[in-house]
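Me: I would like to go through the labels used for this structure and ask what each one rests on. Please set the value against the rule each time.

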Amino acid sequence: MLAFIIRRVGQSILVLLIVGLVAFSMFRFVGDPIDNMLGQERTIEDVERLRTQLGLDQPFPVQYFKFLEGAVQGNFGVSYRQGRPVAEILMERAPATLELAAVSGLLAIIAGIALGVFTAIRRNGFAAHTIMAASLVGVSLPTFLIGILLIYLFSVELGWLPSFGRGETVSIGDWWTTGFLTQSGIKALILPAITLGLYQMTLIMRLVRSEMLEVLRQDYIRFARARGLRDRVVNFRHALKNTMVPVVTVIGLQLGSIIAFAIITETVFQWPGVGLLFINAIQFVDIPVMAAYLMLISVMFVGINLIVDILYVFIDPRLRVDRKGGH
Amino acid sequence: MTTPVLSIRNLSVEIPTRQGIVKPVDGVSYDISEGEILGVVGESGAGKSMAGNAVIGLLNAPAHISGGEIWLNGVRIDPLKGEEMRKLRGKEIGMIFQDPLTSLNPLLTVGDQLAETMLTHLPISRKEAAERAVAALEEVGIPGAAERIDSYPHEFSGGMRQRVVIALALCAEPSLVIADEPTTALDVSVQAQIISLLKRLCRERGTAVMLITHDMGVIAEAADRVAVMYAGRLAELGNVRDVLTQPRHPYTHGLMASTPLASEGQKRLHQIPGAMPRLQHMPNGCAFHPRCPKVQKRCSHDPLPPMAEGRAACWSPLLAEAVE
């Protein structure tokens, strides 16, 4: 078990180093930030001074090493546009994105599993067919369109919910701000959370349904029925648990992409999170911010995958190799 | 005469298909008494498992009971639906499946699976259930039952898993057990152990057993009476010795002749020519007549003669001819 975790952590670090290289190469290959920062009226001296100040005059390997050294310590340099440390800017923006992602993720997991189980058990019912048909909409509509439709319906036509921003926030501790504690904060969260979570929810639902239908055909489910176990026990204790191994994998990946794809939702709702920060950074070729964002997302993906791998072992006893075997 | 544990009267099962309705079980009747093992034999698709599934109420839709009656301990159970039928399953009727590797839930310990079954049917506490689970494993001959109770199915061998399955089927002390090919997926060396275990447990408890198999060796070893099925119908019913040594139905005779016996140095095994008819293309009259060596004119159109204990559903039974 420990060896397994160590091996997985080692693989994770390798992945992060490669992502780090990609993030770093942006400094070299995506335009010249000096052009953007100094504008039309500049002297050669200005350009050279800034280049030295940002460390862009040093050789490639030195720059890469410095980048890694900083990244490990959470130092991603100074934003070209705002002139402040990138880490500070990210920390400021992270709570908004994490809260949004957490709410959409929970929504997607709970509603997705519940609807998936329902449509699998009542697979021939009218309600199940309706839900399945509606889920096609969720899978096929692009996120920004869902967001715009929701804004049109609930903000413009009905006027129930705000169309942009985070509402009032409350500070907790040094740097965390939360929208959960004010009414306007919660109201502002509803539409973006639905927009961001809808696709994941339908995906999880359809996966749970198909896996569950597969499991319900297994011999051990027949045997559980033949032993006269209650339907509820057969469906949840026996069938759902066996459905969870592949579902957990996908949920893990989806949680990563919820954070990564928050960009679109944040843009549509002008949500002040890291996604919006990233979009703005691209517009101004603010490479340190882009690189830091890339690293942040990859750390999350890698971390979530690691957790998923460990979760398998808890769900499926067959993977617990250190238990005593024998016949 | 005491009431038999299980009494099937004229049972028919239908499946509507695109090519019309097919009848995998067609007018089958037999009884099983307390402590008796009835072997149900036939080729694949003869309807023997389908009849078992009909009795325990686990026919897969769209298959359904279309006629006849099923009586369990003097109570008619074929009209029972959903919840009422569920309460009988496990409690009054136990079932053993063919493949022990797939019939146990891989994510629950064997102790959990035993305890949940007993808690569903018996008015006992969790603690009692846990104790009885150990006892149940001991009874089916699992060494070190107290330690193995928290093991998962994959930690047992195939034969041991089938013992666990038997413990599960019997743990609520049902009066009838349907064993659907319980040894087919096992090693030959383990088969005999499982059969004798099943036999012993049912003798001790007076459980009636419907032993579904295509293995004549298993029948000879375990069964008291035999029902031979062909194309959804009963071909012959009788005492095991009579049926095996003096088969009346030409099909049973063919089946016996095509069973390899280690003790006899047979040169070539007998084969029954042709194959069992598809359910969509059942011949008129006797379903076996196209393959029958003793076919008569009336076999292809007349309905079969009525069946009874010690009789064959045949117009020219072998024994009758010998007598004549």
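Me: How do you know how much area chain A and chain B bury between them?
Reply: The model is predicted, and the value is computed from it. Buried area is the accessible area lost when two parts are put together, summed over both. For chain A and chain B that sum is about 2,800 Å², with 53% of it on carbon and sulfur atoms.

Me: Which residues count as part of the contact, and how many does each chain give?
Reply: Contact means heavy atoms within 4.5 Å. Under that cut-off, chain A gives 25 residues and chain B gives 35 residues.

Me: Why is the pair B:Glu116 and A:Arg237 called a salt bridge?
Reply: The rule asks for a side-chain nitrogen of Lys or Arg within 4 Å of a carboxyl oxygen of Asp or Glu. In B:Glu116 and A:Arg237 the closest N and O atoms are 2.6 Å apart. The pair therefore meets the 4 Å limit. Across the interface of chain A and chain B the rule finds two salt bridges. Helices α9 (219-226) and α10 (231-260) of chain A each supply at least two residues of the side of chain A that touches chain B. By class, that side of chain A has 13 charged, seven nonpolar and five polar residues.

Me: What makes A:Asp46 and A:Arg49 a salt bridge?
Reply: Their side chains meet at 3.3 Å, N to O. The limit is 4 Å, so the pair qualifies. A:Asp46 and A:Arg49 both lie in helix α3 (residues 44-54) of chain A, three residues apart, about one turn of the helix. Over all chains the structure holds 22 salt bridges.

Me: Why is β2 (20-32) of chain B called an edge strand?
Reply: Strand β2 sits in an open sheet of four strands in chain B, with the order β2-β1-β4-β5 and antiparallel pairing. The edge strands there are β2 (20-32) and β5 (75-76) of chain B, as each pairs on one side only.

Me: How do you know that β1 and β2 of chain B are paired?
Reply: Pairing needs at least two bridges between two strands. Strand β1 (residues 6-17) of chain B is joined to β2(B) by eight bridges, so the two count as paired, and they run antiparallel. B:Ser7 stands opposite B:Asp31 in β2(B).

Me: What makes β3 and β8 of chain B a pair?
Reply: Five bridges join β3 (residues 37-41) to β8 (residues 208-213) of chain B, and two would be enough, so they pair; the strands run parallel. B:Ile37 stands opposite B:Val209 in β8(B). These strands belong to an open sheet of seven strands with mixed pairing, in the order β6-β7-β8-β3-β9-β10-β11 (chain B).

Me: Where does the label "transmembrane region" on chain A come from?
Reply: It comes from an unreviewed UniProt entry, whose annotation covers several stretches of chain A, among them residues 175-199 and 247-271. In the model, residues 247-271 of chain A are 84% helix and 0% strand, with end C-alpha atoms 30 Å apart. Residues 175-199 of chain A are 68% helix and 12% strand, with end C-alpha atoms 31 Å apart.

Me: Which residues is A:Leu207 in contact with, leaving aside its neighbours within four places in sequence?
Reply: A:Leu207, in helix α8 (residues 183-216) of chain A, is in contact with A:Pro246, A:Val247 and A:Val250.

Methods
Residues numbered from 1 in each chain as written. Chains lettered and ligands numbered in written order. Predicted model: local features only at pLDDT ≥ 70, side-chain atom pairs only at ≥ 80, totals over all residues. Heavy atoms only, no water. Buried area = accessible area lost by both parts, 1.4 Å probe. Nonpolar A, V, L, I, M, F, W, Y, C, P; charged D, E, K, R; others polar. UniProt positions renumbered as here; feature names shortened; annotations may be inferred.
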